[in-house]
Amino acid sequence: MVFALLGNRSHDSGLALGEITGTAWPFLLGLALSWLLTFSWASPNRIWPTGILVVLGTVTLGMTFRTLFTEGGAQLSFVLVTTGVLTLFLLGRRVLSDLLRRGAHR
């Protein structure tokens with residue numbers, strides 16, 4: 001939702017809840033399916049392979065749903081920005097958790 005909010009804000013696409021949800025739903029569905037397919041809840045802090053697969057699945061499925069079921073496209077620049085932001089958001093927490101865990105064990 002934060003990703004969609006930032007995107008809608010920067011492109012003047014509307015900040016109402018319905019507009020943000022309309023932008024976010026393909027990626028939220030992609031994220032949910034990726035979590036299910038990777039059993040992410042069993043290893044919520046693993047970067048490899050779980051975290052990487054969740055990012056790739058979210059981007060791939062989200063872009064597919066966006067292209068097939070909305071009027072949004074999948075221009076290369078959008079795919080690159082989406083991949084970067086979702087990598088930061090979805091892997092960033094895992095990396096931070098790993099660093100904190102390693103620091104606690106020292």
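**Pocket one**

I looked up which element gives the most to the lining of the largest pocket: helix 1, with six residues. This is a predicted model, so I kept the cut-offs in view: local features need pLDDT of at least 70, side-chain atom pairs count only at pLDDT 80 or more, and totals for chains, interfaces and linings use all residues. Residues are numbered from 1 along each chain as its sequence is written, and side-chain values use heavy atoms, with hydrogens and water left out.

My note on terms: on a 1 Å grid over the protein atoms alone, a pocket is an open set of points where a 1.4 Å probe fits, with protein on both sides within 12 Å along at least five of seven lines, and lining residues have an atom within 4 Å of a point. Helices are DSSP runs (H or I, at least four residues), and strands are runs of E with at least two; both are numbered from the N terminus.

I get a volume of about 280 Å³ for the largest pocket, where volume is the space filled by probe spheres set on grid points joined across faces, edges and corners. Its lining has 14 residues, with Phe3, Gly7, Asn8, His11 and Phe78 nearest the centre. Helix 1 (2-10) and helix 4 (76-104) are the elements that give two or more residues to that lining. By class I count six nonpolar, seven polar and one charged. Nonpolar here is Ala, Val, Leu, Ile, Met, Phe, Trp, Tyr, Cys and Pro; charged is Asp, Glu, Lys and Arg; the others, Gly among them, are polar.

**Pocket two**

The second largest pocket comes to about 180 Å³. Its lining is eleven nonpolar, one polar and no charged residues. Among those lining residues I noted Met1, Phe27, Leu31, Thr58 and Phe89. Helix 2 gives the most, with four residues.

**Helix 2**

Next I checked helix 2 (17-38). Its 22 residues should span 32 Å at 1.5 Å a residue, and the end C-alpha atoms are 29 Å apart, which agrees. The expected span is 1.5 Å times one less than the number of residues.

Where does helix 2 bend? I found about 45° at Ala24, with a proline, Pro26, following within four residues. The bend is the angle between axes fitted to the seven residues ending there and the seven starting there.

Ala24 and Pro26 are also among the buried residues of helix 2, including Ile20, Phe27 and Leu31. Buried means under 20% relative accessible area, exposed over 50%, partly exposed in between (1.4 Å probe, protein chains only). The buried residues pack against helix 1, helix 3 (47-69) and helix 4. I then picked Leu29, also in helix 2, and it counts as partly exposed because its relative accessibility is 36%.

Phe39 follows helix 2 and lies in the loop between helix 2 and helix 3. Its phi is positive, near 55°. Phe39 is exposed, at 51% relative accessible area. I also found a cis peptide bond between Trp48 and Pro49, omega about -5°; Pro49 is in helix 3. For context, most residues other than glycine have a negative phi, and most peptide bonds are trans.

**Whole chain**

I logged four helices and zero strands. The C-alpha trace spans about 50 × 25 × 25 Å along its principal axes. Of the 106 residues, 29% count as buried. Among contacts (heavy atoms within 4.5 Å) between residues at least 6 apart in sequence, 62% join residues at least 24 apart.
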